[in-house]
Amino acid sequence: MSTATKDQPSILKWANDKTGEFKRQVSSFRDVISDEPGSKFVPEARTAHRTLLVRALKGLEDIISLDVVHWHMQEKGWPFKDGYEDSLYGAKFVREIYFKAQPDYAGRFTVPVLWDKKTETIVNNESSEIIRMLNTAFDKLVPSKAGINYYPANLQTEIDATNEWIYDTVNNGVYKSGFATTQAAYENNVYPLFKSLDRIEDILSKADYLVGNTLTEADLRLWTTIVRFDPVYHGHFKCNIKGIEKDYPHILKWTRRIYQLPKIAETVNMEHIKNHYYQSHLQINPTGVVPAGNGPNLAEPVIV
């Protein structure tokens, strides 16, 4: 039984009651890290957070510490337990971190969270904004990576446009399909999802990457969804019109290409990923049984 109150929505309630449509909450903490004079949050070593890809690619492992939540989301949200620990405060749930930053917080307790150790508060909990901060804000601390930019000025307009339609129909589209509670809500989202995957397949049939034929933020934002597609979204979220391994050869090649970049493979814990979805979303998967398959072998060599 839900223990949510009028002011605190249920963690496990996903879709709008009337329409059956999944509604994603807007992130609440939207500050930035900057080395500009007078900045509230400045780039310093040992800032804890929950984001992996850009952290690895930008060589920030010794600058930004990382705590990973346990995969089993419960009524109180993401827990720390069984070897997944909060190294700063020994919190039992991510919600405790939110309440430490804002005692009257009444939204969802999402990850990732970028935490500032000096001021002991949340800087930001919106992954798209965290990625952009990590892309450039710490360059002076890791000068060897300063020339690597996943949001270059000359491609920003195209990256933003690509992000917009991919986020709506793919990144969020799998959730809007999977958490739909009416047939109409499901069909309103699953068909646009595959239309966009077809569009992405066409783009990647002509180029190695989505924008400017170079690795950018647009690729990194999409990649985490594609890695989960066959082992999770295809079955669990009923996104089963096509599959990545069997139906999208260019997307598969692109996924492998990124997976095989230095340090990227170690950011993928498929056991954690599958356990979370199949055992946390019991309204979708009441038995909690986790499928055996892990999707395509991403370590397989990319044939040029």
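Here is a short chat about reading a few features of this predicted model.

User: What should I know before I start?

Analyst: Residues are numbered from 1 along each chain as its sequence is written, and side-chain values use heavy atoms, with hydrogens and water left out. Since this is a predicted model, local features need pLDDT of at least 70 and side-chain atom pairs count only at pLDDT 80 or more, while totals for chains, interfaces and linings use all residues.

User: Which residues does UniProt list for "binding site"?

Analyst: UniProt positions use the numbering here, with shortened feature names, and annotations may be inferred rather than shown by experiment. The unreviewed entry lists W78, R108, F109, T110, V111, E126 and S127.

User: Where does V111 sit, and what does V111 touch?

Analyst: Helices (H or I, at least four residues) and strands (E, at least two) are DSSP runs, numbered from the N terminus. V111 is in the loop between α2 and β1, and R108 is in that loop too. Contact means heavy atoms within 4.5 Å; leaving out residues up to four places away in sequence, V111 touches V69, W78 and V94.

User: Is Y175 buried or exposed?

Analyst: Buried means under 20% relative accessible area, exposed over 50%, and partly exposed in between (1.4 Å probe, protein chains only). Y175 counts as buried because its relative accessibility is 18%. V111 has 29%, so V111 counts as partly exposed. Y175 lies in helix α5 (residues 173-178), and the unreviewed UniProt entry annotates Y175 as "active site".

User: How many bridges join β1 to β2?

Analyst: Two strands pair if DSSP finds at least two bridges between them. Here three bridges join β1 to β2 (residues 121-124), and the strands run antiparallel. L114 has N124 as its bridge partner in β2.
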